[in-house]
Amino acid sequence: FLHEFGSDLRAWQDQIIHFSRSYRCIAFNARGYPPSDVPEDVAMYGWEIAIDDIAAVMAGLSIERAHLVGLSMGGYGALQFGLQYPERTSAIVAAGTGSGSMHGERDTWMRQSRILARAFVDRGMDAMASQMARHPMRSGLKRKRPETWQRFVERLSQHSAIGMSHTMACCLALRPSLHELRDQFAELATPVLLAVGEDDESCRAANQMLQSVLPAAVLWMCPKAGHAINLEE
């Protein structure tokens, strides 16, 4: 289980409780997310490094092949891992994946990502957690599961400002868009479940593109849901 930018492994609690009845379930915090290491050196972060970290976790646990389930940043990582290590990937669930990936979005996405990266250090995690939790894509969670939303805010405020800043600047802002990877995705035979909230406007178009390109993909649109569908539903 691979977490989103705004969360950590604790967001997968409900899914792990369910799926651990039948599967060995592994969740880990990405680098930059305590208690994983939070390198001060920005060169220690990057989307390629994040993919290598997935492989390192699997190697450390002697896992040769696995299903990968990722949300947002984690969903992007799962798809990239599938492209780079198809022999180690049994299936992929990519949920809420694709922000900043479509034509006409890239320049705005990169500019906003750089601004946000600076804001974590300048404003601190308490202020940024409050801002991120009140994004329209989180309103559904607050309405449906207010206690879960409050835990989301509290956990987000505990994250490292340096870790979040470097992850945003080096992983999210600089990663290739999903649209740029169309030709590679067309060769990916691994089964893929694309899951996106009906109200997640930033990801719907990218998921529809992926469905049309991936040879073995199904798109599930979760009704009346926002970005973090693993918490909402």
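How many disulfides does the count come to? With a disulfide taken as a pair of cysteine sulfur atoms within 2.5 Å, the count comes to zero. The structure is a predicted model, in which local features need pLDDT of at least 70 and side-chain atom pairs count only at pLDDT 80 or more, while totals for chains, interfaces and linings use all residues. Residues are numbered from 1 along each chain as its sequence is written, and side-chain values use heavy atoms, with hydrogens and water left out.

A disulfide is a covalent bond between the sulfur atoms of two cysteines. The sulfur of cysteine 25 lies 20 Å from the closest cysteine sulfur, that of cysteine 222, which is too far for a bond. Cysteine 222 is likewise in no disulfide, the nearest cysteine sulfur, in cysteine 203, being 13 Å away. Cysteine 222 is buried at 3% relative accessibility, whereas cysteine 25 is partly exposed at 22% (buried, under 20% relative accessible area; exposed, over 50%; partly exposed, in between; 1.4 Å probe, protein chains only).

Strand β3 (residues 192-197) has five of its six residues buried; helices (H or I, at least four residues) and strands (E, at least two) are DSSP runs numbered from the N terminus. Strands pair if DSSP finds at least two bridges between them. Strand β2 (residues 89-95) pairs with β3 in the parallel sense over four bridges, and alanine 94 has leucine 194 as its bridge partner in β3. Strands β3 and β4 (residues 217-222) run parallel and are joined by six bridges, with valine 196 opposite methionine 221 of β4. Valine 218, also placed in strand β4, is exposed, with a relative accessible area of 52%.
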